[in-house]
Amino acid sequence: MFRNYLKIALRQLRKQKFYSAIKIGGFALGIATCLLITLYIRSELSYDKDYPEGDRLFRITGEFKNEDGSFNRGAAWQAPFAQALKNDYPQIEQVARIMPYKLFWGAGNNQFRRLDRTQDVYEEGFTWADSTLPVMFGFKMVYGNAEEALARPFTLIMSRRKAEKFYPGQDPVGKQVVINDEADKPWTIGGVMEDPSPYSHLDYDFYLSMTGHKLWDGEQESWNASNYDTYIKVRPGTNRAQLEDNIQGIVKKFWYPVMVANGNKMADVLLKNLRYQVQPVADIHLGSEINDSHPHGDRKYIWLFGAIAAFILILACINFINLSTARSANRAKEVGLRKVVGSRRTGLVQQFLTESLVLSMFSFLLAIGLAWALLPLFNKLAGTSIRFPWGEWWLVPIVLGSMLLVGLVSGLYPSFYLSAFRPVEVLKGQVARGSRHSGLRSVLVVFQFTTSVILIIATMVVYSQMQMILNRKMGFDKDQVLLIQGTGTLDKQLPAFKADLEKLSGIKAVSITDFLPLSGGKRNMNTWWEPGHQKTDQGVAAQRWYGDVDYMKVLGVKMAEGRSFSPVMPTDSQAVVINQAMARKLGWKNPIGRRIANGGLSDSGHIIIGVMEDFNFEKIKQDVGPLCLFLGRWSSIVAVKMNTKDIKGMISGVGGVWKKFAPQQSLRYTFMDEEFQNMYKDVQRTGNITTALATLAIVIACLGLFALSAFMAEQRRKEMGIRKVLGASVAQVAGLLSRDFLKLVLIAFVIASPIAYLMMNKWLEDYVYRISIGAWMFAGAGAMVLLIALATICVQAIRAAITSPVGALKQEG
C-alpha cells in the first residue's frame with residue numbers, strides 16, 4: 001500500500017511542477033535558514049564544555065550594587081584572594097589565577113622570538129597563569145608535564161601551532177625565547193599544549209608563569225588592587241549555592257579590615273553591597289553582563305535568532321498548507337471518486353501525509369545542499385567559523401527526525417481537510433467555490449507578512465543605530481590617525497623615533513600612549529578622593545590614563561577649561577587633567593587648582609590644571625565615565641595624526657623611519673577609524689543577520705503569495721472572461737484579483753507595527769545614546785512590503801486580465 005501512496009505522490013509532483021517547485025523551494029529555504037541558525041546556536045552553546053570534570057570548574061565573579069540600584073559585575077580579584085579561598089573552604093579542591101589584562105607587561109600581544117634569532121615576530125594570545133591552571137583545566141600536553149610546566153619563574157607554555165611555527169618538527173621544551181626584545185631576561189619553554197579549542201574562553205597560545213612574579217613589591221599580599229581572574233575546582237558533591245553563601249565571609253575577614261585600617265569610608269558600603277558569585281565555567285561565554293577580558297556571546301541574540309529561524313520555518317510550512325488547501329478543488333474529484341469506490345478516510349489521510357513527507361524529503365535534501373553552500377557567506381555575516389557537521393553522529397538522525405516531524409506537522413491539516421470532502425458536495429461544485437475563500441488561509445497569509453514587516457522594521461532600526469554610532473561625534477577625532485603597534489621594544493629610542501616622525505611632511509602631531517578610546521586599549525580603574533577626605537568621603541571611581549603633551553592634539557580632544565600639559569612646565573609631571581564627568585562626580589563647579597588623591601591620608605594628591613570635554617572612551621552602551629589623564633609614557637603604541645591625502649606615501653615614510661630604529665621588527669599599523677568600527681562588529685553582525693533573515697522571510701512569503709495568486713487567477717478565469725466580455729478593462733480585472741491580497745498585507749502591517757516598535761525599543765534600551773524610532777521606518781517598511789506584494793500579485797493578475805476571454809469561456813464551458 002505504501003508503494004502505491006509513493007507512486008501517487010511522485011505522480012502529483014510531476015503533474016504540478018510549478019506548485020511543487022514553490023512548495024519545495026520555499027520549504028528548502030526555510031529549512032536551510034533554520035539549519036544555519038541552529039548550527040550558530042549550537043556553536044554558541046558549545047563553549048567550555050570539554051574540560052575534564054568540567055561540572056566542578058567555576059570562576060568567582062562579583063556583583064556590586066550601586067546607589068542608583070544598578071550593578072557593576074566583574075571577575076578580577078586581589079592576588080591573595082585565591083589562596084584565601086583554598087585555605088578557608090575545604091569544599092574547594094584547587095585554585096588557579098590568570099592575569100590577562102593588557103594594562104600589565106606580558107599580557108595580550110608581544111614581540112616574540114627564539115633566543116638564537118634576531119628577527120622579532122608579532123604574536124597575540126598571551127596571559128599570565130598560575131602553575132596549577134594546566135592541571136586544573138586538563139591541558140593536553142604534547143611535550144612537557146602539565147604539573148611542572150609553569151612551576152618555575154620565567155617559564156611558559158605554548159600551543160602546538162606556535163611550537164611548529166618557531167620550532168618545526170622539534171621538542172622545544174627547555175629552549176629559550178625572548179619577549180619584547182628583553183634578551184637579558186629570556187624565558188624557558190616549560191611545555192607545549194594542544195591548540196586551544198575554538199570553543200574555549202581560554203583561547204590563549206602562550207601562558208606565562210606567575211611563579212615568583214609580582215607587579216610591585218608587596219603586590220602578591222595586597223588587598224588593595226584587583227587584577228586576577230580566579231578559578232576554583234570544587235570537590236565532588238559540593239553544593240554551589242551553599243559555597244556561594246559561605247565565601248561571602250572573605251570580604252569581612254580579609255578585605256574589610258584592610259579598608260578600615262586605611263580609613264576608607266567605602267568599607268561598610270562594600271561589606272553591605274558586594275556579593276561574590278560562583279559562575280560555572282560553561283556559562284562564561286554567554287555571561288556578557290560580566291566585565292572581563294573575554295569576547296562574549298549574548299543569550300538575547302541566541303533567543304532572538306532562534307525565534308526568527310523558527311518563524312521562517314513556519315512561514316515555509318504556511319506556504320505548503322495554503323497551497324494544499326487552495327488547490328483543494330483540483331483534488332476534490334479524486335477524493336470523491338475514491339470514496340465512491342470504497343476508500344476510507346484513513347487511507348486518504350495516509351495518502352496525503354505521504355505526499356507531504358515526500359515533499360519534506362526533497363526539501364530537506366535541497367536545504368542541506370543550500371545550507372552547506374551558504375555556510376561561508378553565513379560565517380562572514382555572523383563573524384563565525386562554523387563548519388558543516390558532516391562527520392557528526394547526530395546529523396542523520398536529527399535530519400531524518402526533523403524531516404518526519406516537519407512533513408507530518410505541515411501535512412496534517414491539509415490531509416484532514418482534503419480527506420473530509422463528501423462526494424455529493426464535489427458533484428455540486430461546492431468545494432470549488434469554497435476553496436476560493438478560506439478564513440484560515442487568510443490568517444496564515446497575514447501571519448507571513450506580519451513576520452516580514454517586523455523583520456524589515458528591525459533591520460531599519462539596527463542599521464540606523466549602527467550609522468548613528470559610526471557617525472556620531474564622540475568627542476575625539478578618529479580620522480587620519482595612524483596607530484603604530486609594538487613600539488615598546490624601542491624603549492629609550494622612543495623620543496628620538498617620535499622626533500623623526502614629526503619631521504615627516506603631512507604629520508600634525510605624534511603621541512606615545514597605550515590609553516586609547518578603543519576596545520583593547522589599556523584601562524586602569526582607581527578610586528579618588530580630595531586629599532584628607534579618605535575617611536569621610538566614599539571616593540569616585542575613575543579611569544587613570546597616561547599620555548604625553550601631544551595626546552589631546554592627536555585625538556582632537558578639546559579643553560572645557562584650564563589648560564593641557566605643557567613641555568615647558570616641569571611641575572606638570574605631578575598634575576592631572578580630568579574630564580567633565582569626573583568634575584560632576586566630585587561635585588566641583590570650579591575644579592581648577594584643587595587636588596585629587598588615590599592613596600592613603602599621607603597622599604597630598606595631584607593638582608588639577610585642566611578639564612577636558614567629555615569623550616566616549618567605551619562603547620556607547622555606557623555613558624561617559626570619569627577619567628583622569630596624567631603625564632606619562634606607556635610605550636607599545638605611537639599614535640600619529642596625519643593631514644595628507646597621500647596615505648600610501650605617508651605609510652612609506654613612516655616605514656622608512658621605523659626601519660631605522662627597529663630593523664629586526666616588521667612595521668605593524670592600523671587606522672583608528674577602522675579600529676573604532678571593529679568595536680561595533682557585534683551590532684554590524686546583528687544588522688547583517690537580521691537583514692538576511694528579513695530578506696528570506698519576504699522571499700518565502702512572496703513565493704507563497706505568487707503561487708496563491710496564480711491559482712486564484714486560474715480558478716476565476718471564467719469570471720474574468722465574463723467581466724471582460726461585459727467591458728471591464730485590464731486595470732479593473734487586475735485590481736479585482738489584487739484587492740483581497742492587498743487587504744491582507746495592510747492588516748499584517750497594522751498588526752506588525754506596534755509589535756516591532758515594542759521589540760526594537762526594548763533592544764535600544766541597551767544603549768545610552770540611541771536613535772528614536774521614527775514614523776518613516778514604519779512607512780518605509782509598509783511601502784516596501786506593499787510594493788513587493790503588489791508586484792508579486794500583479795504578475796499573475798495582469799497575465800489573467802490580458803488573456804483572451806474566448807479561451808477561458810470555452811475551457812469552463
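**View 1. The side chains of His201 and Tyr231 meet in a polar contact.** The two side chains are 2.8 Å apart in this contact (a polar contact is a pair of N or O atoms within 3.5 Å; within protein, one must be able to donate a hydrogen and the other to accept it, and residues adjacent in sequence count only if both atoms are side-chain atoms). The model is predicted: local features need pLDDT of at least 70, side-chain atom pairs count only at pLDDT 80 or more, and totals for chains, interfaces and linings use all residues. Residues are numbered from 1 along each chain as its sequence is written, and side-chain values use heavy atoms, with hydrogens and water left out. His201 is located in the loop between strand E10 (187–193) and strand E11 (206–209); helices (H or I, at least four residues) and strands (E, at least two) are DSSP runs, numbered from the N terminus. His201 counts as buried because its relative accessibility is 5% (buried means under 20% relative accessible area, exposed over 50%, partly exposed in between; 1.4 Å probe, protein chains only). Leaving aside neighbours within four places in sequence, the residues in contact with His201 include Tyr47, Asp48, Val281 and His294 (contact means heavy atoms within 4.5 Å).

**View 2. Strand E12 (residues 226–234) is largely enclosed by the rest of the structure, because eight of its nine residues are buried.** Strand E4 (residues 92–99) pairs with E12 in the antiparallel sense over six bridges (two strands pair if DSSP finds at least two bridges between them). In this pairing, Ala96 stands opposite Tyr231 of E12. Strand E1 (residues 57–65) is also antiparallel to E12, with three bridges, and Leu57 has Lys233 in E12 as its bridge partner. Strand E3 (residues 76–78) and E12 run antiparallel and are joined by three bridges; Ala76 has Asp229 in E12 as its bridge partner.

**View 3. Helix H3 (residues 81–88) crosses helix H7 (residues 249–261).** Their axes come within 11 Å and cross at roughly 125° (axes are lines fitted to C-alpha atoms, for helices over the stretch in contact, and angles run from 0 to 180 degrees between N-to-C directions). That angle makes H3 oblique to H7; angles under 35 degrees count as roughly parallel, over 145 as roughly antiparallel, 65 to 115 as roughly perpendicular and the rest as oblique. On the H3 side the contact is made by Phe81, Ala84, Leu85 and Asp88, and on the H7 side by Ile250, Lys253 and Phe254.

**View 4. Four strands form an open antiparallel sheet in the order E15-E23-E14-E24.** Strand E15 (507–512) and strand E24 (668–671) are the edge strands, each pairing on one side only. Neighbouring strands of this sheet are turned by 20° against each other on average, direction ignored. Strand E14 (residues 481–485) is joined to E24 by four bridges, and Leu482 stands opposite Phe671 of E24. Helix H19 (residues 647–661) packs on the sheet, touching E14, E15, E23 and E24, and its direction makes about 30° with that of E14.

**View 5. Leu494 is found in helix H16.** Helix H16 (residues 494–502) lies across E14, E15 and strand E23 (637–642), running at about 165° to E15. Leu494 counts as buried because its relative accessibility is 0%. Leaving aside neighbours within four places in sequence, Leu494 is in contact with Thr487, Ile512, Arg633, Ser635 and Val638. The C-alpha atoms of Leu494 and Leu45 are separated by 46 Å, and these residues are 449 residues apart along the chain.
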